Amino acid sequence: MFCDTAQYPMAVKIPGVMIIRVKSALFCFANANFVKERIVRWITAQKAADTKGQTKDKEAIHLVILDMSNLINIDTSGIATLEELQKNLISEGIE
């Protein structure tokens, strides 16, 4: 089970792993870029904290897991956005 660490501060974090749950039932042209940009911002913020020495090296993001279990429908724009996100993450050394 996983949960929002802001809502459940007692939750255990897995070093190097970022799990993101997309709560929308639709992933389409209307929200796909927003979701992608939000994920990129979270990773960029984490990398900035790593660079400033605010986190330990083992906490650097190495793996991003997208939980899209709520997803009912995805269009071609959503698929293209996910592919672009994956390419960007791989180029940063993140699976």
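**Exercise 1. Work out how much space lies in the largest pocket and which residues and elements line that pocket.**

Step 1. The largest pocket holds about 1,200 Å³ of space. Its lining has 29 residues, and C3, D4, T5, M18 and I19 are the closest to its centre. A pocket is an open set of points on a 1 Å grid over the protein atoms alone, where a 1.4 Å probe fits and protein lies on both sides within 12 Å along at least five of seven lines; lining residues have an atom within 4 Å of a point. For the volume, points are joined across faces, edges and corners, and the space filled by probe spheres set on them is taken.

Step 2. Two elements, β1 (17-21) and α1 (32-51), each give two or more residues to this lining. The largest share, six residues, comes from α1. Helices (H or I, at least four residues) and strands (E, at least two) are DSSP runs numbered from the N terminus.

Step 3. Sorted by class, the lining has 18 nonpolar, five polar and six charged residues. Here Ala, Val, Leu, Ile, Met, Phe, Trp, Tyr, Cys and Pro are nonpolar, Asp, Glu, Lys and Arg are charged, and the others, Gly among them, are polar.

A note on the basis of these values: this is a predicted model, in which local features need pLDDT of at least 70 and side-chain atom pairs count only at pLDDT 80 or more, while totals for chains, interfaces and linings use all residues. Residues are numbered from 1 along each chain as its sequence is written, and side-chain values use heavy atoms, with hydrogens and water left out.

**Exercise 2. Describe the second largest pocket by its space, its lining residues and their classes.**

Step 1. This pocket has about 160 Å³ of space.

Step 2. Its lining consists of V64, L66, L82, L85, Q86, L89, I90, I94 and E95. β3 (63-67) and α2 (76-91) are the elements that give two or more residues, and α2 gives the most, with five.

Step 3. By class there are seven nonpolar residues, one polar and one charged.

**Exercise 3. Which residues of the largest nonpolar core touch the most other members?**

Step 1. The core has 14 residues, and M18, F27, I39, I43, V64, L89 and I94 touch the most other members. A nonpolar core is a set of buried Ala, Val, Leu, Ile, Met, Phe, Trp, Tyr and Cys residues joined through side-chain atoms within 4.5 Å.

Step 2. At least two residues come from each of β1, α1 and α2. The most, four residues, come from α1.

Step 3. Take I94 as an example. Not counting residues up to four places away in sequence, I94 touches I43, K47, I61, H62, L63, V64 and L89.

Step 4. As a general point, nonpolar side chains tend to be buried together in soluble globular proteins.

**Exercise 4. Is each of D67, T81, A11 and K87 buried, partly exposed or exposed?**

Step 1. D67 is in strand β3. With a relative accessible area of 14%, D67 is buried. Leaving out residues up to four places away in sequence, D67 touches F2, I20, R21 and V22.

Step 2. T81 belongs to helix α2. Its relative accessible area is 7%, so T81 is buried. Beyond four places in sequence, T81 touches A32, N33 and K36.

Step 3. A11 sits in the segment before β1. At 22% relative accessible area, A11 is partly exposed. Again leaving out residues up to four places away, A11 touches C3 and T5. The C-alpha atoms of A11 and T44 are separated by 23 Å.

Step 4. K87 is part of helix α2. Its relative accessibility is 61%, so K87 counts as exposed.

Conventions
Buried means under 20% relative accessible area, exposed over 50%, partly exposed in between (1.4 Å probe, protein chains only). Contact means heavy atoms within 4.5 Å.
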